[in-house]
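Open the structure, try each task, and then compare your steps with the solution.

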Amino acid sequence: MSIVQQLKEDKLAVTGSMIILFLTIIVIFAPYIAPYDPIELDLENRLLSPDGNHLMGTDNLGRDVLSRIICGARFSLGMAAVVVMIVMLLGIAMGTTAGYFGGVIDGIIMRLVDVLLAFPSIILALVIAGILGPSLTNVMIALAAIWWVGYARIIRGSVLSVKEKEFVEAARAMGCTDSYIAIRHILPNVLSPVMVLATLDMGHIILSIAALSFLGLGAQPPVPEWGMMLNEGRPFMETAPHLMIFPGLMIMITVLAFNFLGDGLRDALDPRMREVTIK
Amino acid sequence: MTFLNIQNLNVHFHTEDGAVRAVNGVDLDIEEGEKLGLIGETGCGKTVLGMAILRLLSENTTIKGRILYKGKDLLTMSDKEIRKIRGKEIAMIFQNPLSSMNPVLTVGTQIAEPVELHQHLKKQDAMQKVIEMLKSVKIPSPHERAKEYPHEFSGGMRQRAMIAMGLICMPSLIIADEPTTGLDVTIQGQIVELMSEMLRDSGTSMLLITHDLAVAAELCDYIAIMYPGEIVEYTSIKDLFKDPKHPYTRGFLDSLPGRGLKPIAGLSPSLINLPVGCKFHPRCSFATKRCRDNRPELIEVGKKHYVRCFLYD
């Protein structure tokens, strides 16, 4: 049974994929879907509760919350996707190098990984973002700098087992160079756990970006970013709870969707789980 | 100049239990177009010998001696030079075709690899060659088959694909490591037939590593019998059955099903702790004090017939 078929039978994974697809459409067409300008002030309509004109109400500066959430999806999801991409590339490069060549190179890379893993990642990201100064780009750099270690570990482990396989020897007997073997023969064999991890990490990274923005290190006003919207709504929590409820809900739904899909992917790619479903 | 000339080859691995002496002082010649069978029990160093030729053993192995291929020493050439030999001049066919193929690449892609690497052909041209090659190893509907993955092939088909991969660059020497082991008997016959056909047509030399005398008899001109790390007898395939000299060779032949199924008493020695003198003396019924103390040299006992035994001294 193919992976796609397998995923289709997993209701949660299907739900997750639908939500992600829906969010992707929003990200792509955000400016056309948003009913209002997300950063234009309208001081006469401050802190309105949700109604027919403003489905999610307005914030303390009279901006439409729905429009801000729609445009904010671009930042939250887009940035998370970029970070995951960078992290995957970095992790794959480091993990493959360490696993395939071993020895001193392996020692250096893996000790660096150990050191980075010894810190709570969000605090390390806080420090890096703090040093670089608050901006979206710097948050991305900070997250990428700490997040690759998990990937490097997983890849290294798989590379270590795959490189002992006979087909690697056969490739050497064929006259392939080391780097060719690493990229062409070993890498495709270790990618599936990375795909699962990357999907799950989309959720975690969205959360981390939101958290860092909430703390004021990420997006700067007036950019509509979900984490920052939460922070901006905080002073009005009692009078206008919708300012926090809707961004919070969006973050939750998005993270949940990626987790559902990630779990589904993991089950679909795991041969042991596959047997169970066939029975 | 000999085509492949192995001189006093020693291969030792270093382990915690001591040095594993897998190959000890092997001299071997293969002429152009000649097919040599290397016969021996499991763990007698025959695969190691094959791997040593292409320098496929791990870095911490000690290899001493010389392996001259067309006059050039394979053991001392640079990594770049040996890579140009691998797959192009000397190709290897491995024992287990399922694990010797990358599960995530299509069979066609993998067979195309040697030509892409060595002849720098474009993808389409390489694929064209692959299809031709699959046709010549008698794989039906090669166009569709080339796009399939190794697990979609049957065992016999996979071994055919491996042979295609080995021969696609027209190498001058093939090292075939147990190419028929693990296939069922009817398929074995087909593979042997295919190999002899392919090799006859191309004039390729072959080093066949096997423990199956029947397969070797079918494919080879000469046979070298290996007993822990040494060649104990070298002879033409005809003389092997007609006039085996070494007590081990005779024991080996007698243990065949068609010849009485009599096993040789005792076990072959551990490669870590080899006996002094003749390696076979603890199991040999003709052993004397001389066998226990001195290592016999290869002695010529007939035309292209050598034996390492004091009985013929």
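A residue counts as buried if 20 or more other C-beta atoms lie within 10 Å of its own, as exposed if 12 or fewer do, and as partly exposed in between, with C-beta atoms placed from the backbone. This is a predicted model, in which local features need pLDDT of at least 70 and side-chain atom pairs count only at pLDDT 80 or more, while totals for chains, interfaces and linings use all residues. Residues are numbered from 1 along each chain as its sequence is written, and chains are lettered from A and ligands numbered from 1 in the order in which they are written.

**Exercise 1. Classify B:Asn8 and B:Lys304 as buried or exposed, and describe their phi angles.**

Step 1. Locate them. B:Asn8 sits in strand S1 of chain B, and B:Lys304 belongs to the loop between strand S11 (299–302) and strand S12 (305–307) of chain B. Helices (H or I, at least four residues) and strands (E, at least two) are DSSP runs, numbered from the N terminus.

Step 2. Count neighbours. B:Asn8 has 11 C-beta neighbours inside 10 Å and so counts as exposed. B:Lys304 has 12 other C-beta atoms within 10 Å, so it is exposed.

Step 3. Read the backbone. B:Asn8 is not a glycine, yet has a positive phi of about 45°; B:Lys304, not a glycine either, has a positive phi of about 50°.

**Exercise 2. Describe the surroundings of B:Thr2.**

Step 1. B:Thr2 lies in the segment before strand S1 (4–15) of chain B.

Step 2. With 15 other C-beta atoms within 10 Å, B:Thr2 is partly exposed.

Step 3. Leaving out residues up to four places away in sequence, B:Thr2 touches B:Asp29 and B:Glu31. Two residues are in contact if their C-beta atoms, placed from the backbone, lie within 7 Å.

Step 4. For a distance check, take B:Lys35: B:Thr2 and B:Lys35 are 33 residues apart in sequence and 14 Å apart in space, C-alpha to C-alpha.

**Exercise 3. Work out how H5(A) and H6(A) are oriented to each other.**

Step 1. Helix H5 (residues 121–132) and helix H6 (residues 136–162) of chain A have axes 8 Å apart and pack at an angle of about 140°. Axes are lines fitted to C-alpha atoms, for helices over the stretch in contact, and angles run from 0 to 180 degrees between N-to-C directions.

Step 2. Angles under 35 degrees count as roughly parallel, over 145 as roughly antiparallel, 65 to 115 as roughly perpendicular and the rest as oblique. H5(A) and H6(A) are therefore oblique to each other.

Step 3. Look at who meets whom. Among the residues in contact are A:Leu124 and A:Ile128 of H5(A), and A:Ala142 and A:Leu143 of H6(A). The contact of H5(A) with H6(A) has 11 nonpolar, two polar and no charged residues. Here Ala, Val, Leu, Ile, Met, Phe, Trp, Tyr, Cys and Pro count as nonpolar, Asp, Glu, Lys and Arg as charged, and the others, Gly among them, as polar.

**Exercise 4. Which element gives the most to the side of chain A that touches chain B, and how enclosed is it?**

Step 1. In the interface, 14 residues of chain A are in contact with 19 residues of chain B.

Step 2. Helix H7 (166–173) and helix H8 (178–214) of chain A each give two or more residues to that side of chain A. H7(A) gives the most, with six residues.

Step 3. Six of the eight residues of H7(A) are buried, so H7(A) is largely enclosed by the rest of the structure. The buried residues include A:Phe167 and A:Arg172. Their cover includes H8 of chain A together with strand S6 (90–93) of chain B.

Step 4. Just after H7(A), A:Gly175 takes a positive phi of about 100°.
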